[in-house]
Amino acid sequence: MGLDCMMRRLQQVGRLLPLFAVLALMLTGCSSDPYLSALTPKGPAAEMQLFMMKLSLYVMLFVFAVVVAIFAYVLVRYRKRKGDNSIPEQVEGNHKLEIIWTVIPFLLLIVIAVPMVSTTFTLAKDYSQDKEAVKVKVTAHQFWWEFDYPEAKIKTAQELYIPVGKKVWLELTSADVIHSFWVPGIAGKIDTNPGMKNTMWLEASEEGVFQGKCAELCGASHALMDFKVKVVSQEEFDAWVAKMSKEKPESTTDGADTALAAEGEKIFQQSCVSCHAIDGNGGKIGPDLSNYSERQTVAGFLRNDPTHTGDEAVRTENLKKNLHKWLSNPEEVKPGNLMKIGQLKPEEVDALTEYLSNLKRQ
Amino acid sequence: MAQHAARPRNTGLKDWLTTVDHKKIGILYLVAGGFFFLLGGIEAVLMRLQLMYPESNLFVGATFNELLTMHGTTMIFLAAMPIIFALMNAIVPLQIGARDVAFPFVNSLGFWLFFFGGTLLNLSWFLGGAPDAGWTAYPPLSGTTYSSTHGVSFYVLGLQIAGLGTLIGGINFLVTIINMRAPGMTFMRMPLFTWSAFITSALILFAFPAITVGLVLLMFDRIFGANFFEVANGGNVVLWQHLFWIFGHPEVYILILPAFGIISEVVATFSKKRLFGYSAMVFATIVIGFLGFMVWAHHMFTVGMGPVANALFSIATMLIAVPTGIKIFNWLLTMWGGQIRFTTANLFAVGFIPTFVIGGMTGVMLAVAPADFQYHDSYFVVAHFHYVIVGGMAFGLFSGCYYWWPKMFGKMLNETIGKWNFWLFFIGFHLTFFPQHFLGLTGMPRRVYTYMAGQGWEMGNMISTIGALVMTLGTAVFLWNAFVTSRKAEKAPADPWDARTLEWAIPSPAPEYNFAQTPRVRGLDALWVEKMAGNKGMTPAEPLGPIHMPSPSILPFLMSVGFFIAGFGFIYHQTIVSVVGLLVVFYGMFARSLFDDHGFHIEVDEIKETEKGVKL
């Protein structure tokens, strides 16, 4: 009978084991986005963070293994057996054991704490006076990101351009509620608090388009408040800066259906310009739309190249599709956003789409 | 001597509305807390359904934010805390050999304040929208500029009223445990559950004033146009976060310590052994309670406090792992050499151990400030605190319910159904929350109502939702068990588990006066000591005599209704309504203070009659 009972227990445990094994396999086999995951760091900050994650995980796994080993042994060995009505020895405690499991955890924590302190200070290093560092002012809005390069006098939105291998010094704040700036693949996150300034440094060790997220609940479209960090070579970055910081920008809509694009520009100048600026002309309530044709996303989260093909034709086609969707019903696409243009006619949407999707700087 | 009233004999609804009996108040807490637990659970399942597939449209934007806010707020304040209070009420006086709590009237007031506060909060669903700024209600999002419905005002007033109830409940248990222990029941002979109730009450006493202050400031901002958190007028939004977490972190220990207490009782009983390292366990409980106040800012590593504060709070947080580890090892060593019986109560306790250890592991990982820059506000955090609160506290509460059900209701829950309950809940729990660790590490922020396809999160979210449905099934099985048990005729014996502590020395359910004669306690595990000495029960410390009891009163109910009305007045800026409500409250306070009530006596004949038919 006792053996039966034990077998049943073992079967129960046995039934669970494959379940967890399968689960773990599926999860690790799962193709997570390498430009989004904290587990595939592409920059010194994220690498240090992953090191701390692993270090604490391994130390804790050791503790877990010890607990589970004792636990499993005890459960099997000390089950009540049928017919055994003896009274177990009523042990009060054991000083030696109790000292051991107080002191060893202390030592293990020191193993984690020492590199923790040094990493904390490394991540808090100040690059504000570093001439080499690219300075960017980040302002979070419901539900978009404003990026301001004070040295190059560039204002842009949703996409942060940075050169590979260079320190980028961020000063972050918010125009409304609290948001949190998070680029898992390159660095951790920091909150953007209204009325306060936070700082953080970024450095990417690889080129690519990294995904950024808002991590602090900020209202109805918190889930959609994505941004991109576009890491490019120094030359490409310099070219971008030169293009974006021209005193007299010459935005064109080359390659567009000119009549339709002109119509779109007219509508833009009538309806959109009070909130959105192009080439420095226009309002500051919404994102700056200069050089819009090169954007990776529409409304910050509708991806123009969702499968990272790198194909310009694919990106342009999706840009138009997404822009059309967005302009047709912004409230449905991104609930709670401030763009109130529900009254646009379909032909006006077409015209604006044509205009914006071809808008580029030379 | 003043004339005592005649023995009141209320029945039905009137009895439940006026009772000051700690055992009945315990049942009220259990039923009301259970109801809110189901509400919070439904909200959770709705969110999981929305997140089952990418880009779903079931509950989007602000609606989803209402669900997540109400899920968190309901589960913490209206489900977890009340069910803890249910077990504390039902058991603590019995464990220390008392006839009731120190202030039975206040006890009833505490329950009704919680009940009406919770009701007020939940009515927001029908009155223009629930709060939608998260259970943490960070301003400015919770201010009127960005949350213009009355939702957050319901949150502020509802929690303020419910919080009053919790605070006076905590004070009541402190006084009870300090003053009402039976002869011989020294502090170091108190069962661990009573110890944890004691420390939890102390935490309530020191933590709740912080949230009260925070809520008052937020209330002034929202209702009277103050500027504590209005940045444009010089307010500071981080101030709220400090106040909230100075309360919020001890709150975590307010929740988990009673679960530790329950596990300590259950593991010892079903191993047929004395708790290993009792004094270390007591000491660890006190240390955890103390350190719980030193670590609040680990919820704020990304706020921008700077490396010094982050490093210090990081180290302080890690230290909590040491006393917690002591507890885990003491439980394991309690089972070592015992005769472990796998009743449902013990299955939950045994299931608690590895589950809680995983929650503790991720807790230490989260304590590492630089790594927290990645974890913070991601699904990793969601996974962590559900491992601690569900895998820790909820497992503990289930265990406690199965263990003490006979003492509370006089009937034993069905063990076969109980095992279904455990396995469904246990497996469902791990399916739900284990994948969420990986979702967070691969970039999924928490509190998002949807996610785009192609980011690698489809599988994890699907498994998580399936798990949530399995957990729901497990909960339904528990309800079924409670229903089946209530229809069963068979009565539970006084000591069905061959247990160790004082509550098992009296009949199940406990009679109105608890102990016919106050017992004399001769050691830790008072009943076990007598069993081992060959005695049939406790040795009385007093002769049999009439027992003095407090009178039932409708005033606590009435005063809580007054607060409820006043709350509405404040939310809708109707001064007259607020004044009327507060007048009702003041009437109750005056009536209570001015008219003496000397209670009544239960006579010896009745006691003898009650004790005669007892199955010991």
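## Walking through chains A and B

Let's start with chain A, where the domain assignment gives domain 1 (134–244) and domain 2 (251–361); such bounds come from an automatic or database domain assignment. Keep in mind that this is a predicted model, in which local features need pLDDT of at least 70 and side-chain atom pairs count only at pLDDT 80 or more, while totals for chains, interfaces and linings use all residues. Residues are numbered from 1 along each chain as its sequence is written, and chains are lettered from A and ligands numbered from 1 in the order in which they are written.

The C-alpha centres of domain 1 and domain 2 of chain A are 21 Å apart. Their contact draws 19 residues from domain 1 of chain A and 14 residues from domain 2 of chain A, where two residues are in contact if their C-beta atoms, placed from the backbone, lie within 7 Å. On the domain 1 side, strand S2 (144–149), strand S3 (154–157), strand S10 (227–232) and helix H4 (234–244) of chain A each bring at least two residues. Helices (H or I, at least four residues) and strands (E, at least two) are DSSP runs, numbered from the N terminus. S3(A) provides the largest share of that side, 3 residues. By class, the domain 1 side has 9 nonpolar, 4 polar and 6 charged residues, with Ala, Val, Leu, Ile, Met, Phe, Trp, Tyr, Cys and Pro counted as nonpolar, Asp, Glu, Lys and Arg as charged, and the others, Gly among them, as polar.

Now for the sheets of chain A. One is an open sheet of 5 strands in the order S4-S10-S9-S6-S7 (chain A), with mixed pairing; two strands pair if DSSP finds at least two bridges between them. Its edges are strand S4 (159–163) and strand S7 (189–192) of chain A, each pairing on one side only. S4(A) and S10(A) run parallel and are joined by 5 bridges, and Tyr161(A) sits opposite Lys230(A) in S10(A). H4(A) packs on this sheet, touching S4 and S10 of chain A, and its direction makes about 130° with that of S4(A). Axes are lines fitted to C-alpha atoms, for helices over the stretch in contact, and angles run from 0 to 180 degrees between N-to-C directions.

Strand S1 (residues 134–141) of chain A runs antiparallel to S2(A), with 5 bridges joining them, and His141(A) has Trp144(A) in S2(A) as its bridge partner.

What about the two chains together? Their contact takes 84 residues from chain A and 79 residues from chain B. H3(A) gives the most to the chain A side, with 15 residues. That side divides into 50 nonpolar, 21 polar and 13 charged residues.

Finally, look inside chain B, where the axes of helix H4 (residues 104–123) and helix H17 (residues 555–571) of chain B come within 8 Å and cross at roughly 30°. That makes H4(B) roughly parallel to H17(B), a label for angles under 35 degrees. The residues of this contact divide into 13 nonpolar, 3 polar and no charged.

Conventions:
Angles under 35 degrees count as roughly parallel, over 145 as roughly antiparallel, 65 to 115 as roughly perpendicular and the rest as oblique.
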